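Biologist: I would like to learn how to read helix packing and aromatic contacts in a model. Could we go through one example?

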Amino acid sequence: MPKTPTPEDLRNLLLPRPEPCVSLFLPLPRHGADVAAAPLRFRALLREAEELLADRYDARHVKELLAPLAGLADAGDVLGRGPGGLAAYRAEGLFETYRLWPEPPARCVVADSFHVKPLLRSLQARDRYFVLALGSRHASLWEGSGLGLSPRPLPLLPPPPSAPRGGRRAGPGKAPEEGDGPRREETLRLFRALDAIVRGALPPDGVLLVAGPTPAVAAFREACSHPGLAAEAVEGAFDEASAEELHARVHPAALGALGARDGRLVEEFGRSLDRGLAADILTRVAEAAVAGRVRSLLVADGRPLFGR
């Protein structure tokens with residue numbers, strides 16, 4: 001059964017090993033028709049690896065090296081339904097399989113070291129975001145990605161204030177007005193307490209989306225001090241929504257918020273590069289990493305770089 005990669009797995013794969021090192025990647029099927037084709041697609045990657053190895057190694061050595069990988073083609077728990085992808089690594093003394101997200105493109109790499117960029121991408125928190133769902137009876141915190149939402153339990157999470165019984169109603173996208181008097185102050189007091197709990201539970205660079213009724217969302221946004229609060233909120237009633245339904249509603253907004261964050265990081269990198277405070281040459285980045293001088297590491301999608 002493929003496992004979820006950890007930083008320790010990455011360190012293990014980066015250790016020098018005897019050549020050759022075989023790295024196979026396959027996006028896993030999501031629908032019934034594609035499930036049956038997954039073993040065929042994996043065998044095609046194996047044939048590609050065999051052809052690449054045949055140029056430099058004798059047939060017996062190639063067969064022994066690829067034997068563990070060949071067995072994966074008939075393993076239903078390995079090539080089962082996605083989302084996600086499979087990474088399989090094989091070298092003398094090592095055979096590992098991992099479930100990756102985001103799913104990598106199909107690829108076979110035979111080299112003097114393993115191809116770990118898809119695994120590095122899976123280890124990044126780049127696609128992770130958080131959702132604070134404000135209902136009429138309770139508030140809940142969720143951690144999300146393209147795979148779905150999982151709850152983040154928080155002790156002493158205060159319930160959101162109930163709808164006001166009198167006074168002027170706040171317009172769409174606005175917090176309760178000054179004319180609401182004590183009701184407004186009570187609302188903001190509760191949301192400031194909620195903000196303090198959420199801020200203490202989340203990383204400062206995490207993307208936070210707020211979902212709930214328009215007045216509650218507007219009031220929380222006024223009280224919120226988390227630096228990762230997304231510009232776009234998801235308005236609606238989520239008291240009875242399942243995790244799947246909530247994910248379907250918030251994920252498009254989350255993708256926009258993540259994209260905006262990436263854009264800001266790229267702009268900041270460009271400014272730092274102009275001031276000599278950043279590097280885009282791999283050897284300089286490696287030297288800075290060894291010296292502990294890397295605050296953020298930006299890795300471009302779709303640009304493989306082979307070698308140690």
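Biologist: Is the crossing of H3 and H4 right-handed or left-handed?

Modeller: This is a predicted model, and in it H3 and H4 cross in a right-handed sense.

Biologist: What describes two packed helices?

Modeller: In general, a packed pair is described by the angle between the two axes and by the distance separating those axes. Here, H3 (residues 38–54) packs on H4 (residues 59–70) at an angle of about 165°, and the axes are 11 Å apart. Angles over 145 degrees count as roughly antiparallel, so H3 is roughly antiparallel to H4.

Biologist: Which residues make the contact?

Modeller: H3 contributes Phe42, Leu46, Ala49, Glu50, Leu53 and Ala54, while H4 contributes Val62, Leu65, Leu66, Leu69 and Ala70. Of the residues in this contact, 10 are nonpolar, one is charged and none is polar.

Biologist: Now the rings. How many aromatic pairs does a search of the whole structure find?

Modeller: The search finds four. One of them joins Phe25 and Tyr89. Planes over 60 degrees apart count as edge-to-face; with ring centres 5.9 Å apart and planes at 85°, Phe25 and Tyr89 are therefore an edge-to-face pair.

Biologist: Which parts does that pair tie together?

Modeller: Phe25 is in strand E1 (residues 21–27) and Tyr89 is in strand E2 (residues 85–91), so the pair links parts 64 residues apart in sequence. Phe25 and Tyr89 are both buried.

Biologist: How are the rings of Tyr89 and Tyr98 placed?

Modeller: Their centres are 6.1 Å apart and their planes lie at 65°, so Tyr89 and Tyr98 are also edge-to-face. Tyr98 is buried, as is Tyr89. Phe25, Tyr89, Tyr98 and Phe114 together form one aromatic cluster.

Notes: Residues numbered from 1 in each chain as written. Predicted model: local features only at pLDDT ≥ 70, side-chain atom pairs only at ≥ 80, totals over all residues. Heavy atoms only, no water. Axes fitted to C-alpha atoms, helices over the stretch in contact; angles between N-to-C directions. Helix = DSSP H or I, 4+ residues; strand = E, 2+ residues; numbered from the N terminus. Parallel < 35°, antiparallel > 145°, perpendicular 65-115°, else oblique. Left-handed = near helix turned anticlockwise from the far one by under 90°. Contact = heavy atoms within 4.5 Å. Nonpolar A, V, L, I, M, F, W, Y, C, P; charged D, E, K, R; others polar. Phe/Tyr/Trp six-rings, centres within 6.5 Å; stacked < 30°, edge-to-face > 60°. Buried < 20%, exposed > 50% of the residue type's maximum accessible area, 1.4 Å probe, protein only.
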